[in-house]
Amino acid sequence: MSACHEENQKTQATAGLPIIALAGNPNCGKTTLFNLLTGTHQQVGNWPGVTVERRSGSMSLDGRKVSVVDLPGVYSLLGGGGEDQAVARDYLLDGPVDLIVNIVDASNLERHLTLTAELLETGRPMVLVVNMVDEAEAQGLGVLTTELSAALGLPVVSMVARRGKGRGNLLDSLTQALRQAPHGTPPPHGLLIERALGVLTALLPDSNPVRRRFDALRLLEGSAEPADSGMEHTLRQIIAEVEDGSAETPADLIMDQRFGWAQEMAATALHRNGYTGMRQRITDLLDHVVLNDWFGIPVFLLVLYLIFVVSFSGGNIFLDFFDQASAALLIHGVGHVLLETGLPTWLIALVAGGVGGGLNLVISFIPPVGLTFVFLALLDDSGYMARAAYAMDRLMRRLGLPGNALVPMVIGFGCNVPAIMGSRIIEDPRGRILTVLIQPFMSCSARLTIYMAFAVVFFRSNGGQVVFALYVLGIIVALLTAWLLGKTALRGEALPFVMELPPYRLPGIRSVVLQSWQRLKVFTFRVGRVIAVIGVVLFILPGIGWTDHGLRSTDIDHSLLAQGSRALVPIFAPMGIQQGNWPAISGLIAGAAAKEIVIGTLNGVYQRQNAADLMATYRDPDIAGQLWGALKTIPTNAITFITTLDDPLGLSAMESTASTQQASGAESVTLQAIATSFTALSAFAYLVFVLLYVPCASTMGALRREVGWGWMIFSLLYGSSLAWGASTLIYQTGTFAKHPGSSGAWIIGVLASFALLVIGLRLYGQRAATLAKPSLNQKAASA
Amino acid sequence: MNPSLFVGDLKLGDSARVRDVTGGRGMQQRMRMLGIRRGTDIRVVHGPGKRGAVLQVGGARLALGWGVIQRIEVEFCRGPIPGI
């Protein structure tokens with residue numbers, strides 16, 4: 001989200017300060033520690049790969065400002081893993097690091113210490129944090145920090161970063177370490193290997209000696225190819241020499257040494273003071289259910305269903321309150337005050353109707369959006385995400401996607417931008433491009449506001465289901481897109497599934513509240529800012545138009561906005577947009593910048609079209625009465641929520657007539673205008689269009705950064721045509737009985753164009769396969 | 001010596017010691033970074049099935065696809081291995 005922009009500024013602000021880098025395996029608590037040290041609130045989660053880029057913050061140590069760098073998790077400095085791990089590796093080898101804080105998981109010490117061995121080999125000063133000692137204790141393991149510290153020659157601090165335990169000790173160690181750099185003792189390689197490394201490093205070109213040493217190690221371990229035939233010859237000679245001297249390959253010698261060392265250190269540091277108890281059994285039991293061959297996928301769908309239906313229905317309890325109370329204060333209250341001061345009517349309409357009305361619409365949707373964020377945060381913390389990925393792996397693989405592509409998809413429900421960034425956890429380039437390209441189809445929270453506005457009008461009592469259907473449609477389109485591209489333009493096999501399953505954790509209230517608040521704040525500010533601006537623009541743009549005498553001020557129906565949007569209406573006619581409903585098109589155009597402003601735009605236009613009678617309500621508003629009325633909606637809606645709990649599918653509501661649904665809830669001018677401009681069917685088709693068409697500007701930027709211009713443009717064109725095709729299909733199928741001839745023609749037309757697209761993609765794939773083969777192979781080799 | 005036994009041939013709850021990781025360099029490296037190499041003790045905590053298996057390796061649970069577990073050659077261990 002917006003965090004990345006803030007980060008860039010911070011990086012500049014902290015230039016020249018001593019740099020502490022946090023390093024460790026994925027999901028060992030680096031970001032938690034980062035937040036603890038710097039007091040920031042970067043997103044944390046309980047799955048490997050939450051952090052995919054470098055972030056920096058600052059803290060004060062011993063009266064001096066210090067820069068702290070949070071890195072993505074990395075298993076080894078010698079290679080492996082996705083792009084995210086490469087980011088960490090490069091920084092640790094080449095970056096201007098003054099002190100490494102290596103974080104290891106106490107409950108899995110041996111494996112985490114193999115990275116420590118590699119970090120020691122960089123020769124950089126280091127402090128070791130043994131984190132999650134509480135989880136080790138639950139496994140019956142105690143940590144002996146003094147013994148470990150003596151064996152490593154490093155300061156060792158035991159912590160439970162999640163609860164802030166051990167922070168004081170860590171601060172002391174960091175202060176001390178910056179004064180006098182602690183260099184531990186790396187595991188010795190033995191004479192043979194050291195000699196081989198000496199010969200190889202002398203031949204390698206890199207100017208950084210640390211990088212040269214690791215490149216040499218990679219060559220000896222066989223995890224990298226020699227650059228040229230000369231090097232290959234030398235390497236073969238060296239390997240033969242080592243084998244002669246030790247009867248083992250250098251790879252075996254190096255690794256046996258490193259893993260043996262880690263094992264020894266772990267044995268030094270841990271003592272068993274009990275047996276694995278309850279916790280292990282609970283994990284086994286939960287895994288048995290959520291990973292089950294038959295129940296795994298239904299459980300995942302049920303979890304998603306609950307999240308969105310409960311967010312919507314639960315949010316409904318407070319929706320009317322937020323809506324009516326903010327309308328009373330921001331529209332009527334502000335309008336009244338302005339009227340009292342004697343400002344001109346147009347200005348009052350602009351401020352109260354445009355800005356106030358825009359804000360009012362966003363504020364109404366805070367409860368459901370906020371609840372979605374709370375549930376996503378719960379999901380993040382619980383440890384379930386990685387398991388859902390494994391449960392879905394077989395299905396995803398059949399569609400050509402790696403199972404861990406599911407993780408960014410779930411993040412995408414919050415915002416598509418971090419989801420696209422999060423696709424970096426996927427190792428093979430092909431799977432990563434596929435995963436990035438399907439992200440725009442995941443319904444983000446901004447699109448939720450549009451669904452909500454329409455659902456409130458047309459699908460009030462079964463809105464949760466309609467919204468859920470749109471989410472599911474997004475998932476289906478995303479998966480089918482991956483399948484289609486995987487069969488045509490991006491052919492290949494997904495890499496087999498490999499993912500660490502984090503321990504289950506009861507989500508901490510503090511972290512869930514903080515995280516959802518953080519997201520909600522970003523959401524509200526972004527939306528508020530954009531809508532306020534758009535509200536103003538839309539109150540001016542609809543005021544001028546092209547007339548016979550040139551550009552003149554006109555009424556809204558003859559304005560530039562109306563003229564432009566009206567010209568586009570015929571394109572959208574097949575999906576049920578009527579000639580008079582040009583504001584719907586204005587909304588779509590604005591939505592290409594940010595989805596949050598679609599409703600704001602509709603608000604601006606509809607308010608303007610119906611502006612006449614508003615002044616009367618400003619003159620004598622009953623704000624106290626309105627607030628009281630707003631408050632009274634909470635218990636009423638709560639009772640509705642509880643009584644409809646036994647009918648989660650909203651079946652009873654489907655029997656009631658559309659007119660009663662329309663009558664309810666449509667309070668604001670905008671919602672009333674929506675009610676008259678759309679039918680339930682054309683509203684649904686419009687929502688499907690909104691779901692699938694071009695992503696917002698920030699998402700386009702992220703697409704360009706991660707997969708390049710070509711795929712970004714493809715994504716735009718593909719998304720828009722798919723959106724148009726799908727909504728046309730929906731509308732024409734729904735109204736088939738009325739005009740079978742034209743509907744049939746549209747349906748056949750859409751299907752035929754789709755067939756053409758498939759053929760085109762196939763041809764591209766065949767051409768790309770012959771052209772790109774060498775370069776893909778190179779990539780695979782370097783990875 | 002026994003014929004080759006792979007993780008996919010084990011049963012739920014079985015413990016085993018890794019004898020070898022076959023497959024290309026990339027595969028070996030992926031396994032190594034997760035702590036699976038010659039001599040590692042493992043226990044099957046879910047599966048093995050068509051999807052793959054979940055293995056307990058040290059303090060970690062690793063979910064591995066079918067394509068991966070069939071490249072991990074193991075030696076069956078009777079009874080539980082302490083510590084995993």
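Predicted model: local features only at pLDDT ≥ 70, side-chain atom pairs only at ≥ 80, totals over all residues.
1. Helix pair, geometry. In chain A, helix 13 spans residues 296–340 and helix 14 spans residues 345–364. Their axes come within 9 Å and cross at roughly 165°. Angles over 145 degrees count as roughly antiparallel, so helix 13 of chain A is roughly antiparallel to helix 14 of chain A. The crossing of the two helices is right-handed.

2. Helix pair, residues. Helix 13 of chain A contributes residues including Leu319(A), Phe322(A), Asp323(A), Leu330(A) and Leu339(A). From helix 14 of chain A come, among them, Ile348(A), Gly353(A), Gly356(A), Gly357(A) and Ser364(A). By class, this contact has 13 nonpolar, seven polar and one charged residues.

3. Chain contact, make-up. Chain A puts 27 residues into the contact, and chain B puts in 24 residues. On the side of chain A that touches chain B, at least two residues each come from helix 4 (109–121), helix 12 (278–290), helix 16 (384–398) and strand 9 (498–501) of chain A. Strand 9 of chain A gives the most, with four residues. By class, this side of chain A has nine nonpolar, nine polar and nine charged residues.

4. Chain contact, strand pairing. Strand 9 of chain A also pairs with strand 5 of chain B, residues 60–65. The sense is antiparallel, over four bridges. Which residue of strand 5 of chain B is the bridge partner of Met499(A)? That partner is Ala63(B).

Terms used:
Residues numbered from 1 in each chain as written. Chains lettered and ligands numbered in written order. Axes fitted to C-alpha atoms, helices over the stretch in contact; angles between N-to-C directions. Parallel < 35°, antiparallel > 145°, perpendicular 65-115°, else oblique. Left-handed = near helix turned anticlockwise from the far one by under 90°. Contact = placed C-beta atoms within 7 Å. Nonpolar A, V, L, I, M, F, W, Y, C, P; charged D, E, K, R; others polar. Pairing = 2+ DSSP bridges.
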